[in-house]
Amino acid sequence: MVDLAKRLRELRLERGWKQGQVAGRLGVTASVVSAYENGLRQPSYEVLVKLSQIYGVSSDYLLGLSGRRSPEYRHLISLDALSPGNAALVAELVRALKD
């Protein structure tokens, strides 16, 4: 699964995130994320699903089964994919729009 390791690293770097930031979102250590990105360890099914949600791509893309990142969802973003500060700002905006 060389494609998985490569894609995980590329997606993280595209966002300018450190391995520790991804680890925090996954509930694992930075060394585990490093092992995923170096192909030394494979994520569980649950972690793979979380990774696809965090990066906003399909699991097929992560696994190298598809070259498409899931265009039907590329405009949507999960609050989990945002920094805590930005997530708080989005939540505040949503509350303001409800009023």
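## Arginine 7, buried without a salt bridge

A salt bridge is a side-chain nitrogen of Lys or Arg within 4 Å of a carboxyl oxygen of Asp or Glu. In this predicted model, arginine 7 is buried yet has no salt bridge, and the nearest side chain of opposite charge, that of aspartate 3, is 5.3 Å away.

Arginine 7 belongs to helix H1 (residues 2-15), and its side chain reaches the backbone oxygen of tyrosine 61 at 2.5 Å. Apart from neighbours within four places in sequence, arginine 7 is in contact with Tyr61, Leu62, Gly64, Ser66 and Gly67.

## Salt bridges

The whole structure holds three salt bridges. In one of them, glutamate 37 meets arginine 9 at 3.7 Å, N to O, a pair that links helix H3 with helix H1 across 28 residues. Glutamate 37 also forms a salt bridge with arginine 12, with the closest N and O atoms 2.6 Å apart; here helices H3 and H1 are linked by residues 25 apart. Both glutamate 37 and arginine 12 are buried, whereas arginine 9 is partly exposed, with a relative accessible area of 28%.

Glutamate 14 and arginine 15 form a salt bridge at 3.8 Å. Through shared partners, salt bridges join Arg9, Arg12 and Glu37 into one network.

## Helix H2

The buried residues of helix H2 (residues 19-26) are Val22, Ala23, Arg25 and Leu26. These residues cover an arc of only 160 degrees around the axis, and therefore lie on the same side of H2. Glycine 27, which follows H2, has a positive phi, near 80 degrees.

## Confidence

The chain has a mean pLDDT of 86, and 87% of its residues reach 70 or more.

Technical notes: Residues numbered from 1 in each chain as written. Heavy atoms only, no water. Helix = DSSP H or I, 4+ residues; strand = E, 2+ residues; numbered from the N terminus. Buried < 20%, exposed > 50% of the residue type's maximum accessible area, 1.4 Å probe, protein only. Lys, Arg positive; Asp, Glu negative; His and termini not counted. Polar contact = N/O pair within 3.5 Å; in protein donor to acceptor, adjacent residues only side chain to side chain. Contact = heavy atoms within 4.5 Å. Arc of directions from axis to C-beta. pLDDT = per-residue confidence, 0-100.
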